[in-house]
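Me: I've got a model open and want to talk through its pockets and a few side chains. Can you take a look with me?

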Amino acid sequence: MSDVPDQRLLEALLDSWDRNNIILLNLLSALPEGGLEAKPMEGSPSVAELFTHIHFVRLVLVSEDAPEFARKLPEEEWVFERDPGRIAQMLNDSAEAVRDAVKTRVEAGRDMNLHYDHPILLLQHMIWHEGYHHGQIKLVLKAAGRPITDEEAGPVTWDLWMRKK
């Protein structure tokens with residue numbers, strides 16, 4: 001991409017994606033004891049399953065829309081992973097796949113294969129999807145008696161969006 005303003009815009013959008021992933025990782029790190037196991041009610045996914053669902057959705061959409069960046073899909077979508085380090089590794093891997101797919105497709109001027117009128121819409125969809133689940137996770141923790149306060153969450157979530165480099 002040779003046009004400097006366009007390249008700056010792409011970099012800003014990719015930075016928003018990177019920040020989104022860091023915020024999810026920070027939320028994962030801020031979970032209180034027993035937070036991964038928390039569920040809003042019987043039959044609902046646990047916090048751990050919400051994180052693994054996010055990872056799964058990222059990988060499915062990349063495999064459908066930019067298969068050259070596809071990674072091996074997990075066998076299941078809603079996995080109860082007990083190791084936060086493993087969840088973080090999964091999220092970083094799928095975030096990289098999304099980033100690389102969008103960046104390469106935008107720079108090449110290529111559409112996505114199945115969904116989205118423009119590759120950047122994949123980023124927007126993922127940020128919206130993950131923000132939705134971020135809110136669910138905080139609500140589940142609150143309902144389970146293990147809340148993360150705004151004082152704890154703000155510096156590692158909201159503040160990342162507003163921080164200048």
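Me: Let's start with the second largest pocket. What's its volume?
Reply: This is a predicted model, and in it the second largest pocket has a volume of about 200 Å³.

Me: Which residues line that pocket?
Reply: Asn20, Ile23, Leu24, Ile127, Glu130, Gly131, His134, Lys138, Thr157, Trp158 and Trp161. By class, that lining splits into 5 nonpolar, 4 polar and 2 charged residues.

Me: And which helices supply at least two residues of that lining?
Reply: Helix H1 (4-30), helix H4 (120-143) and helix H6 (158-162). The largest share comes from H4, with 5 residues.

Me: OK, over to the largest pocket. How much space is in there?
Reply: About 270 Å³. Helix H2 (47-65) and helix H3 (84-108) are the elements that give two or more residues to its lining.

Me: How many residues line the largest pocket, and which lie nearest its centre?
Reply: There are 16 lining residues, and His55, Pro74, Glu75, Arg86 and Met90 lie nearest the centre. The lining of the largest pocket has 8 charged residues, along with 5 nonpolar and 3 polar.

Me: You mentioned H2. Is that helix largely enclosed or left open by the rest of the structure?
Reply: Largely enclosed, because 17 of its 19 residues are buried. The length of H2 agrees with expectation too: at 1.5 Å a residue it should span 27 Å, and its end C-alpha atoms are 27 Å apart.

Me: Switching topic: glutamate 81. Where does it sit?
Reply: In the loop between H2 and H3. Glutamate 81 has a relative accessibility of 19%, and the cut-off for buried is under 20%, so it counts as buried.

Me: What is glutamate 81 in contact with, leaving aside neighbours within four places in sequence?
Reply: Leu36, Ala48, Thr52, Arg86 and Ile87. Arg86 is also one of the residues nearest the centre of the largest pocket. A polar atom of the glutamate 81 side chain lies 3.1 Å from the backbone nitrogen of aspartate 83.

Me: Last one, arginine 19 in helix H1. Buried or exposed?
Reply: Buried, with a relative accessible area of 13%.

Me: So what does the side chain of arginine 19 make a polar contact with?
Reply: The side chain of aspartate 15, at 2.7 Å. Beyond its neighbours within four places in sequence, arginine 19 is in contact with Leu160, Trp161, Met162, Arg163 and Lys165. Trp161 also turns up in the lining of the second largest pocket.

Technical notes:
Residues are numbered from 1 along each chain as its sequence is written. This is a predicted model: local features need pLDDT of at least 70, side-chain atom pairs count only at pLDDT 80 or more; totals for chains, interfaces and linings use all residues. Side-chain values use heavy atoms; hydrogens and water are left out. On a 1 Å grid over the protein atoms alone, a cavity is a set of points where a 1.4 Å probe fits but cannot get out, and a pocket is an open set with protein on both sides within 12 Å along at least five of seven lines; lining residues have an atom within 4 Å of a point. Grid points are joined across faces, edges and corners, and a volume is the space filled by probe spheres set on the points. Helices (H or I, at least four residues) and strands (E, at least two) are DSSP runs, numbered from the N terminus. Ala, Val, Leu, Ile, Met, Phe, Trp, Tyr, Cys and Pro count as nonpolar, Asp, Glu, Lys and Arg as charged, and the others, Gly among them, as polar. The expected span of a helix is 1.5 Å times one less than its number of residues. Buried means under 20% relative accessible area, exposed over 50%, partly exposed in between (1.4 Å probe, protein chains only). A polar contact is a pair of N or O atoms within 3.5 Å; within protein, one must be able to donate a hydrogen and the other to accept it, and residues adjacent in sequence count only if both atoms are side-chain atoms. Contact means heavy atoms within 4.5 Å.
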